[in-house]
Amino acid sequence: MMMKTETKILNQENNELDKRLTKENNVVMTDMVCYLRLANISEHDQEVVRQDLLQMVLSAQERGEDINTLIGEDYKYFCDEVIAALPQKNQKERVLDLIDTLLLSTFILGVIHIVISKETMKLIYNAVTGQQLNFQISISGGDLLSYVIIIATVFLIVHVIGKNLLKPEKKHNQSKIKKFIIGGAIGGG
């Protein structure tokens, strides 16, 4: 529990440091942090690395140096070297992370299903008109199948995007819409 609190504090500090980055450095740091988020390292280690990177980039930025001077042109190689130096999650941690993600995804899809279901609309109508309220909401086999397909698709998209996120030939060709989709998919995943 102590580690989660420390990680949350680090995350908040890093979010404040992010605000000091130039637009160009922010783009590179966002890509690198997204890549780190998909690595097989703990959230705490991700935030520690993020803080170290932010401090390095902000120092270089204050000296007027380009981020490429600091970490080189190949951001993926740089991140892979950093990740390789950190302890990897063990099997238990990976399984717990997967279960956590699946439960959160299922909860989110369940809430969306409840909000847009016919039964909810009828419940609201009945509540407004003073009729008898029925709090039952049905979930069909098709609903469950669509949940599985949605979750599997999101995992696949996040995996594919994560593997291609820092490829050198891609870094200058990404439009704002594509970056928004990438960020949304990673956040949703």
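Guide: Start with lysine 89 and aspartate 97: a polar contact of 2.5 Å joins their side chains. A polar contact is a pair of N or O atoms within 3.5 Å; within protein, one must be able to donate a hydrogen and the other to accept it, and residues adjacent in sequence count only if both atoms are side-chain atoms. Bear in mind that this is a predicted model: local features need pLDDT of at least 70, side-chain atom pairs count only at pLDDT 80 or more, and totals for chains, interfaces and linings use all residues. Residues are numbered from 1 along each chain as its sequence is written, and side-chain values use heavy atoms, with hydrogens and water left out.

Visitor: Where does lysine 89 lie?

Guide: Lysine 89 is in the loop between α5 (75-84) and α6. Helices (H or I, at least four residues) and strands (E, at least two) are DSSP runs, numbered from the N terminus.

Visitor: Is lysine 89 buried or exposed?

Guide: Buried, because its relative accessible area is 16%. The cut-offs: buried is under 20% relative accessible area, exposed over 50%, partly exposed in between (1.4 Å probe, protein chains only).

Visitor: What is lysine 89 in contact with, leaving aside neighbours within four places in sequence?

Guide: Asn40, Ile41, Ser42, Arg94 and Asp97. Contact means heavy atoms within 4.5 Å. Asparagine 40 is 49 residues from lysine 89 in sequence, yet 5.7 Å away in space, C-alpha to C-alpha.

Visitor: And aspartate 45, what is its nearest side chain of opposite charge?

Guide: Lysine 89, 9.7 Å away. Aspartate 45 is buried and has no salt bridge. For charge, Lys and Arg count as positive and Asp and Glu as negative; His and the chain ends are not counted. A salt bridge is a side-chain nitrogen of Lys or Arg within 4 Å of a carboxyl oxygen of Asp or Glu. Aspartate 45 is found in helix α3 (residues 43-62). Beyond its neighbours within four places in sequence, aspartate 45 touches Leu86 and Pro87.

Visitor: How many salt bridges does the structure hold?

Guide: Eight. One of them pairs arginine 37 with glutamate 47 (2.7 Å, N to O). Arginine 37 lies in helix α2 (residues 23-37) and glutamate 47 in helix α3, so the pair ties together parts that are 10 residues apart in sequence.

Visitor: What else does glutamate 47 meet in a salt bridge?

Guide: Arginine 50, at 3.2 Å, N to O. Glutamate 47 is buried at 3% relative accessibility, and arginine 50 is buried at 4%. Arginine 37 is partly exposed at 31%. Asp18, Arg37, Glu47 and Arg50 are linked in a network of salt bridges.

Visitor: New topic. Which residues form a nonpolar patch on the surface?

Guide: Leu104, Phe107, Ile108, Val111, Ile112, Val115 and Ile116, with about 670 Å² of accessible area together. Patches take residues with over 30% relative accessible area and no salt bridge: like charges are joined within 9 Å, nonpolar side chains (Val, Leu, Ile, Met, Phe, Trp, Tyr) within 5 Å. Areas come from the Shrake-Rupley method with a 1.4 Å probe; for residues, only the protein chains shown count as cover. Leucine 104 lies in helix α6 (residues 91-116).

Visitor: How many helices and strands does the protein have?

Guide: Nine helices and zero strands. Of its 189 residues, 29% count as buried.
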